[in-house]
Amino acid sequence: MKPPEAAASAAAGRQSPAPPPVLEARGVSKHFPGVVALDDVSFTLEAGETHALVGENGAGKSTLIKVLTGVHRPDGGELRLSGQEVHFARPFEAQQAGISTIYQEVNLVPLLSVARNVFLGREPRNRFRLIDFPRMNSEAAALLDGFGVRVDPRRPLHTLGVGAQQMVALARAVSVNAQVVVMDEPTSSLEPREVETLFGVIADLRRQGIAVVYVSHRMDELYRVCDRVTVLRDGRHIHTGDLAELDRMQLVSMMLGREITEVRRHGVTSFSQEGHDVERRPVLKAEGLARRHQLDGISLNLHPGEVLGLGGLLGSGRSETAKALAGALTLDAGKISIDGSVQRRHSSASAIRAGISLLPEDRKAEGVVPGLSVRENIVLAALPRLSRAGIVSRGRQDRIVEIFMKRLRIKASSPEQKVGELSGGNQQKVLLARWLCLEPKVLLLDEPTRGIDVGAKAEVQALIDELAQQGLAVLLISSDIEELIEGADRILVLRSGASAGELTGDQVTEGALLEALADHSPAAPEAGTTENAGEEAAR
Amino acid sequence: MKLMSALGSPKTAAPLPSAPLGKGGPSPGSAPASQTSGKDRLASFLQSQGALAILIPLILISSFIYPTFATLDNARGVTVQASFLAIVALGVTMVIITGGIDLSVGSVFALGGVLAAWASQWGMIPALLVPLAVCGAIGAVNGLLIARAGMAPFIVTLASLLGARGLLLAITDEGATTYLVPKDSAFATLGQGSIWGFGYPILIALALFGVIGVVLQRTSFGQTVFAVGGSKDAATLMGLPVARVRMTVYLMSGLLAGLAGAINAARLSSGVTIIGVGMELDAIAAVVIGGTLLIGGAGSVSGTLWGVLLLAVIQNLINQIGSLNSSYQSVVSGGFLILVVVSQRYLTARTRRGAAP
């Protein structure tokens, strides 16, 4: 646990003019097929500092961490550990060199005991070179005690709560005489009390001169525990500096790559400039949606003919909200009503029956079936409606497919072409067509234009506009600030799974959205948040 | 201590599913206060050692009903018969704990027997070394293709099942040539000799179970076998030698199947070519009945031992009944397999529910 050498070397380092950073990445690049994950990124970590690593989805944080911890080998650039160039071929070598990592999802073995998990690969032995279980169990118990976890170390890991499992992972990472501890979203599954324990551990590490790389989307945490920050965006290094010198606004605008300006509706996207005629009565009403660690009492109303934008940084609960509305996520609490009637048992099937369609974020994993044809993909969800006594009418299928291919301008050689052969934009349109032929009342769109080319993006945006004009209620989730500002009539901003404000009418500007995202100032207290304020008072 | 309440109930007497080899049963007379914990312990005992819990009453009841069952001669016969499947299933246990499967063991068993019989003309050492070398090589190739090239264990070992059987037919002129083990040679004694009537194969099997039981429970290699099966990604990120361990278990499986084949040839005095067909399925059945999870990550060699004995006792009982066609043995074994898998599911759900905070 205590490395006197590290402290001593840090003390010795103070006398010499320039102590080498404990870990340094110089001009590191990493390519995956079709993607540049890291492009000439440099990163330095000084002994004893807690260094925040931030960036939005696809910024390259995870890839950088995996390069630092030996999971990926960089295509270019070099890694230096205390000034010495190093090459890690496997995670094992990085661990031997003193870099240990706690991954976001607990990466332990659930069926093995707590003690075995802590000591896997370095078990204490007795004189017959066999594992000394009594010693291992008592050492594990003593070690975990220091992390506020008091459990029988012989218990299988999976019988512990997620927070306690995370603490076991932390104990394992710290107990290997690490010089550097990398924490990837360590608090995402912790209770507030456990978060305090974690911060106590980080303070201990700092005293011992151990450097910490801290990845989190939670602004409060970053400002509480971190000394310096490195911002990545689109695989490139954007900024490194003292965190105290940046306010939240500046940090968020660097992460998103937006200047803080008051531009609004300047016609970059294909959304029409006019607002939509919005009906008064909501078609979908959600109250107090809650789910452990993900959603913390989200309420929203969605009216026919409007596009409601859902803003928020990564991990704010945007996708979870959409999934909950579509019945794809079980809730701990909350009420969802459609057309005024409360849904008792909300499931995907009942949501579809009630006219709610979700276009998921990950269209490869959750959406299109690449091996099936355009026609088959479009009618997949509508099959029960198109068939009589289990027999599907081919004529009706062809008619529907023809209508939607024309209406959505799907570019395919024929309805029988395999969807896997289409471009990303056309795949997205096929998915849209699949849900539209169910004649939904509510369309939930999670990042509908991510990863598709500019032309297709414009077409999809125009289509969203058109659908809203035809009276559909649309929920639009997007990380693209412009798309959100120009496409949405209203924007509900989420932070840490709770509503953090709502922008309506003239407030729908980039500046206001960035402020709300960053929690810079209480965003627009006069509009829209009254409902939430009432709720908070009621608590 | 404060954190304790957030983490779960302060039960210290939590279930220990990974009890070491030969761990005793639950204490039946637990105090009322620890009743739930006692139930949990019973559930986790049944999950890991359920085969033993069925085997003991089955033997006791059968001993009363069939006087010919509870004789020393019958016990000797049953255990010698079972020892070959036991040795094969021992290797398969390790493979299954890593989350893999080895379908090649039946063919490799037969190949090992023929090679041993062929090599026995030069004495005992070649009779053991030749099958071990060839069968070990088959296992090593399986492991290499699975662990290094990342191919699916099912396909790779299915291919070597066919390959080993083909090799066997090739070296015996399609089964026309039968190699005989010289009578009264040291090698023949290995299969036919006995101590107090218990044949050497039984003793060899027991010794192997003891050694491998200790290796699995008390060495880093063994812990890694469990970790790889529990979560391969986690094991890799923890820096454990995942590929090396996966290779090793297939190598061991090949070696053990070859050794079992060689000892069987010594016992039968010849290399029988038609032997071992479908043996891989019996081995897998015994392993699963013994409480090893087919998805990997949990299991024990002791459970496999009870699983093998359970299958052997069922077969023997059906022979004792006499009026039943021996084909019913498969029906009963299959029924047991379903019973075990269903109850495993139930018990796993129970222990998870009972212990989760």
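Start by selecting A:Gln343 and its neighbours: leaving aside residues up to four places away in sequence, A:Gln343 touches A:Ile336, A:Ser337, A:Ile338 and A:Ser350, where contact means heavy atoms within 4.5 Å. This is a predicted model, in which local features need pLDDT of at least 70 and side-chain atom pairs count only at pLDDT 80 or more, while totals for chains, interfaces and linings use all residues. Residues are numbered from 1 along each chain as its sequence is written, chains are lettered from A, and side-chain values use heavy atoms, without hydrogens and water.

Stay on A:Gln343, which sits in the loop between β15 and α11 (348-353) of chain A; helices (H or I, at least four residues) and strands (E, at least two) are DSSP runs, numbered from the N terminus.

Next, select the strands. β12-β11-β14-β15 of chain A is the order of an open, four-stranded sheet with antiparallel pairing; two strands pair if DSSP finds at least two bridges between them. Pick A:Ala290 and you will find A:Ala333 of β14(A) opposite.

Now zoom out and colour chain A by domain: domain 1 (4-13 + 26-246) and domain 2 (284-355 + 440-538), with bounds from an automatic or database domain assignment. Their C-alpha centres lie 34 Å apart.

Last, select the interface, where nine residues of domain 1 of chain A contact six of domain 2 of chain A. About 800 Å² is buried between these domains, 48% of it from carbon and sulfur atoms; buried area is the accessible area (1.4 Å probe) that two parts lose on being put together, summed over both.
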